Amino acid sequence: MFRKIILTEKEIFPNFVDMMTVEWLTDGATAMPAIDTSRLEEWIGKVIEEHGRIAGPLTYIFCGDEKIIEVNREFLRHDYYTDIITFDYTRGRRVSGDMFISLDTVRSNAELVGQPYGRELHRVIIHGVLHLCGINDKGPGEREIMEAHEEQALAMLGI
């Protein structure tokens, strides 16, 4: 007689969340923004956990508008600038992905919406993670849902 036992990742690997890795890179032409990566990694992990997910490897690549449009054209067949492009490698509940962030567009958007650059940068950083957690922003009503999750996450960081 066999019994089926279902265990969560945390039960199997109690420190699985601690296995999250975050790489902070640039495209080589862009300077790394002045951010506290240790603080952000802790925050990102908490946001992922709040969404019932497990943090896996994440990579942020900071770039300028020329690189973001190149990536957008090559991989998504879109011919426009954007603040972030997220490549989702999530499997099951384990969140993983690469995120290209155009600091040029982040700065333009901050000015456009009247927000400090640092707040807008942090919003974009978590925006990619929220996509990896399964939150979309393209369909009817989804933008408002995404914005609410962004605001909750920013409040967790105290900004």
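Is α5 mostly covered or mostly exposed, and how many of its 16 residues are buried? Keep that in mind as you click around; the model on your screen is a predicted one.

**Stop 1: helix α5.** Select residues 117–132, which make up α5. The helix is mostly covered, with twelve of its 16 residues buried. Colour some of them to see this: E120, L121, H122 and R123 are among the buried ones, and so are H127, G128 and V129. Now check the length of α5: at 1.5 Å a residue, its 16 residues should span 22 Å, and the end C-alpha atoms sit 23 Å apart, so the two agree.

Stop 2: Move on to G134, which follows α5 and has a positive phi, near 100 degrees.

**Stop 3: the largest pocket.** Next, look for the largest pocket, which holds about 480 Å³ of space. To find its centre, select I84, H127, H131, D137 and K138, the closest to that point of the 19 lining residues. Then show α3 (65–76), β3 (84–88) and α5 (117–132), the elements that each give two or more residues to the lining. Colour the lining by type and you get five nonpolar, eight polar and six charged residues.

**Stop 4: the loop at R77.** Finish in the loop between α3 and β3, where you'll find R77. Its relative accessibility is 67%, so R77 counts as exposed. Take a look at its backbone too: phi of R77 is positive, near 60 degrees, and this residue is not a glycine. Most residues other than glycine have a negative phi.

Note on methods
Residues are numbered from 1 along each chain as its sequence is written. This is a predicted model: local features need pLDDT of at least 70, side-chain atom pairs count only at pLDDT 80 or more; totals for chains, interfaces and linings use all residues. Side-chain values use heavy atoms; hydrogens and water are left out. On a 1 Å grid over the protein atoms alone, a cavity is a set of points where a 1.4 Å probe fits but cannot get out, and a pocket is an open set with protein on both sides within 12 Å along at least five of seven lines; lining residues have an atom within 4 Å of a point. Grid points are joined across faces, edges and corners, and a volume is the space filled by probe spheres set on the points. Helices (H or I, at least four residues) and strands (E, at least two) are DSSP runs, numbered from the N terminus. Ala, Val, Leu, Ile, Met, Phe, Trp, Tyr, Cys and Pro count as nonpolar, Asp, Glu, Lys and Arg as charged, and the others, Gly among them, as polar. The expected span of a helix is 1.5 Å times one less than its number of residues. Buried means under 20% relative accessible area, exposed over 50%, partly exposed in between (1.4 Å probe, protein chains only).
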